[in-house]
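Welcome to a short tour. Open your viewer, load the model and keep the selection tool at hand.

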Amino acid sequence: MEILCVVGARPNFMKIAPILDAAYNFPDIHCTLLHTGQHYDERMSHLFFQELGLPKPDIYLGIGSGSHAVQTARVMMEFDRVLNEREIDLVLVVGDVNSTIACALVAVKRGIKVAHVEAGLRSGDRTMPEEINRILTDQISDYLFTTEKAAEYYLIHEGINREKIFFVGNVMIDSLLRHRSKANECDILTRLQLKPKQYAVCTLHRPSNVDTEEAARNMVKALEIIAKLYITVLPLHPRTKSRLFDYNLLSTVDALPNIRIIEPQGYLEFLALMDNAKLVFTDSGGIQEETTVLGVPCFTFRNNTERPITITAGTNHLIGTDPNALVSALDEFESNPRQPCQIPELWDGKAAPRILQIIHDKLDKK
Ligand code: UD1
């Protein structure tokens with residue numbers, strides 16, 4: 001069985017690593033790893049391959065940045081060319097980035113089966129590029145692997161046949177549990193002169209938070225509020241860095257007392273930073289899940305989440321994007337810190353073996 005596994009952007013790498021590992025236990029399955037090159041910086045891509053022990057991609061498309069249409073179209077054209085040259089039984093895509101929908105669409109139009117890992121997440125917000133990618137990828141996939149029960153509800157509601165849906169748990173958490181102790185051996189806290197549980201980490205990159213001057217100014221106000229209370233580490237995503245620079249806000253942020261702007265971190269360094277933080281502030285999807293498992297309170301700069309289990313079971317608080325709301329949320333947190341969370345069902349480090357077993361059994365019957 002030939003499975004073509006697709007990665008493109010930073011949040012894909014920790015999802016594919018446990019899948020490739022699990023595949024080694026199935027002698028009749030062979031995985032080829034394809035990297036579209038949507039993310040290409042050393043610190044957004046190559047470093048993750050090293051730290052996660054991922055093999056060098058068998059195929060690299062070198063797509064790079066561009067508008068959504070250009071980036072998606074380039075992936076589609078190059079991926080189509082790859083499929084001309086190979087006999088593939090299944091294309092496996094993860095997450096919700098542009099590379100995910102692009103490769104799924106090319107595969108399905110060629111009659112190749114598609115597996116979507118992390119299916120069924122819905123924010124209900126169609127202004128999010130990822131929401132469009134999720135809905136479309138799920139509609140055309142043959143095997144939909146979900147991380148939480150709410151996902152099945154959304155998929156069935158959208159008309160997906162129940163037999164295609166498999167609740168398997170969370171492959172990103174497979175990676176986290178596997179690498180947590182190694183992460184805590186790295187010296188990032190010492191290098192940044194941080195003491196465990198005495199600092200906050202903040203990440204920002206969502207277009208809705210950084211792509212207009214008004215939104216970016218709101219985020220800078222939020223950072224001011226946070227940095228008044230906590231030493232705050234801010235690994236700066238390239239998109240955010242360039243927008244803050246464009247709006248003349250980069251120097252303002254840099255000048256805030258208590259703010260430590262750093263480069264985007266590798267997987268292990270960032271995991272150590274989260275694990276030892278008192279609080280995490282973010283607009284990322286995956287970080288809401290990772291902090292839930294780490295038991296670190298997470299404040300999310302969004303009005304919605306496609307990962308509701310992180311609120312009902314986990315440590316996540318949605319605080320929207322109004323800096324004034326942040327002040328009261330932090331007051332409440334300081335006077336009444338949240339109880340430890342529950343680990344969501346099947347976030348046990350074994351999602352990838354479950355996925356491989358299902359794929360093996362399904363493809364074997366064909
Ligand atoms: C993408 C994903 C988003 C994910 C995020 C994680 C889509 C629609 N979005 O957003 O879901 O949460 O990755 O980072 O797929 N850039 C670099 N170097 C790189 C990559 C990007 O400098 O290696 C800069 C470029 O200026 C680029 C911008 O960042 O235009 C945005 O990159 P892009 O891949 O379009 O989207 P992200 O914001 O990273």
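Which residues does threonine 100 touch, not counting residues up to four places away in sequence? Select Val93, Val94, Gly95, His116 and Thr137: these are the residues that threonine 100 touches, where contact means heavy atoms within 4.5 Å.

Before moving on, a word on what you are viewing: this is a predicted model, in which local features need pLDDT of at least 70, side-chain atom pairs count only at pLDDT 80 or more, and totals for chains, interfaces and linings use all residues. Residues are numbered from 1 along each chain as its sequence is written, and side-chain values use heavy atoms, with hydrogens and water left out.

**Stop 1: threonine 100**

Stay on threonine 100, which sits in helix α4 (residues 98-109). Helices (H or I, at least four residues) and strands (E, at least two) are DSSP runs, numbered from the N terminus. Threonine 100 counts as buried, at 2% relative accessibility. Buried means under 20% relative accessible area, exposed over 50%, and partly exposed in between (1.4 Å probe, protein chains only).

**Stop 2: the ligand**

Zoom in on the oxygen atoms of the ligand. For the polar contacts here, look for a pair of N or O atoms within 3.5 Å.

- Histidine 39 has a polar side-chain atom 2.7 Å from a ligand oxygen.
- In histidine 205, a side-chain N or O atom is 2.8 Å from a ligand oxygen.
- Arginine 239 places a polar side-chain atom 2.6 Å from a ligand oxygen.

Taken alone, the ligand exposes 740 Å², and the protein buries 85% of that (Shrake-Rupley method, 1.4 Å probe).

**Stop 3: two loop residues**

Most residues other than glycine have a negative phi. Go to lysine 197, in the loop between α8 (188-191) and β8 (199-203), where phi is positive, near 65 degrees. Lysine 197 is partly exposed, with a relative accessible area of 42%.

Finish at asparagine 248, in the loop between α11 (238-246) and α12 (250-255). Its phi is also positive, near 60 degrees, and asparagine 248 counts as exposed at 64% relative accessibility.

Key. Polar contact = N/O pair within 3.5 Å; in protein donor to acceptor, adjacent residues only side chain to side chain.
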